[in-house]
Amino acid sequence: MELKKLCDNVWYLPHSEATDRPALGYVQGKNYALMIDCGNSPAHLALFRQALAAQRLPMPRIAVITHWHWDHSFAMCAFDGLTAACEATDRQLRTMQRWEWTDEAMEQRLRTGEDIAFCDTHIRLEYPHRSQIRIVPADMTFRDTLSFDLGGLHCEARRVGGPHSEDSVVILIPERRILFAGDGHTGDFYGLDGGYDRAKLAAYMDMLRSTDFNIYVHGHVPPVSRAEILRELEAALAAH
């Protein structure tokens with residue numbers, strides 16, 4: 001799989017549905033590069049490394065995690081650099097560190113609602129040997145915002161919450177007017193079976209309207225324009 005270029009200095013590795021691998025972002029400044037999300041396994045991260053090598057791009061020094069869900073965070077253990085996450089994400093990562101990956105433990109988490117069938121199925125596909133799962137906390141945390149000066153480019157991480165997960169973080173590259181959103185606008189699969197909390201969706205839309213961006217990058221669908229994402233979410237809000 002090849003990196004896709006969004007504009008000068010900004011790329012992403014597209015998502016893959018087979019084992020629920022999300023898109024991974026990459027921003028290259030004059031001083032260092034930053035990655036957005038680490039992926040769902042060391043194998044996913046290795047694919048990203050190969051794609052960078054093919055473009056002769058340097059490995060990122062820092063990775064920012066958009067939220068705690070396994071597909072965005074389980075490769076943190078294999079990242080050769082510093083990882084950053086908001087405090088709420090880090091708390092959940094520390095909780096998951098205590099999880100066991102036996103069939104019995106996974107089935108129990110499905111019964112309690114700690115995990116959901118979609119994730120359970122794809123974890124089993126991504127990890128044929130679940131003993132290889134290793135969850136680590138972030139190297140640095142922030143409460144609401146954290147900014148990075150990459151050299152000529154900035155990345156602004158903001159915890160915005162939203163309909164998908166309370167800890168959702170977006171990353172804005174103001175000089176390129178690109179917003180990496182993780183799964184920010186997706187519905188709640190843990191509490192509402194993929195549906196929307198209307199108030200959270202409306203608040204997320206207000207955040208988008210107040211943010212200056214042209215390109216919106218979601219974790220599991222191709223990038224879209226500002227107008228397209230707002231139109232899509234207005235329709236979703238009207239339907240709820």
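In strand β10 (residues 169-173), Ile-171 is the bridge partner of Ala-157, and on the β11 side the bridge partner of Ile-171 is Phe-180. The model is a predicted one, in which local features need pLDDT of at least 70 and side-chain atom pairs count only at pLDDT 80 or more, while totals for chains, interfaces and linings use all residues. Residues are numbered from 1 along each chain as its sequence is written, and side-chain values use heavy atoms, with hydrogens and water left out.

Strand β9 (residues 154-159) pairs with β10 in the antiparallel sense over four bridges, and β10 is joined to strand β11 (residues 178-180), also antiparallel, by three bridges. Strands are DSSP runs of E with at least two residues, helices are runs of H or I with at least four, and both are numbered from the N terminus; two strands count as paired if DSSP finds at least two bridges between them. β10 and β11 make a hairpin with four residues between them, and Arg-177 in that turn has a positive phi of about 55°.

Five of the five residues of β10 are buried, so the strand is largely enclosed by the rest of the structure. Here buried means under 20% relative accessible area, exposed means over 50%, and partly exposed lies in between (1.4 Å probe, protein chains only). In a regular strand the side chains alternate between the two faces of the sheet. Both faces of β10 are covered, with Val-169, Ile-171 and Ile-173 buried on one side and Val-170 and Leu-172 on the other.

The largest nonpolar core has 36 residues, and those with the most contacts inside it are Leu-3, Phe-48, Phe-74 and Trp-101. Such a core is a set of buried Ala, Val, Leu, Ile, Met, Phe, Trp, Tyr and Cys residues joined through side-chain atoms within 4.5 Å. Among the elements that give two or more residues to this core are β2 (10-13), α1 (42-54) and α5 (117-126), and α1 gives the most, with four residues. A second, separate core of 25 residues includes Leu-6, Cys-86, Phe-180 and Val-217.

Leu-3 touches, among others, Trp-11, Phe-48, Leu-52 and Gln-55, not counting residues up to four places away in sequence; contact means heavy atoms within 4.5 Å. Gln-55 lies in the loop between α1 and β5 (62-64) and is partly exposed, with a relative accessible area of 40%. The C-alpha atoms of Gln-55 and Leu-3 are separated by 8.0 Å, although the two residues are 52 residues apart along the chain.

The structure holds two cavities of 30 Å³ or more. On a 1 Å grid over the protein atoms alone, a cavity is a set of points where a 1.4 Å probe fits but cannot get out, whereas a pocket is an open set with protein on both sides within 12 Å along at least five of seven lines, and lining residues have an atom within 4 Å of a point. Grid points are joined across faces, edges and corners, and a volume is the space filled by probe spheres set on the points.

| Space | Volume | Lining residues, among them |
|---|---|---|
| Largest cavity | about 50 Å³ | Ala-23, Phe-180, Val-217 |
| Second largest cavity | about 30 Å³ | Trp-68, Phe-74, Tyr-190 |
| Largest pocket | about 300 Å³ | His-164, Asp-183, His-220 |
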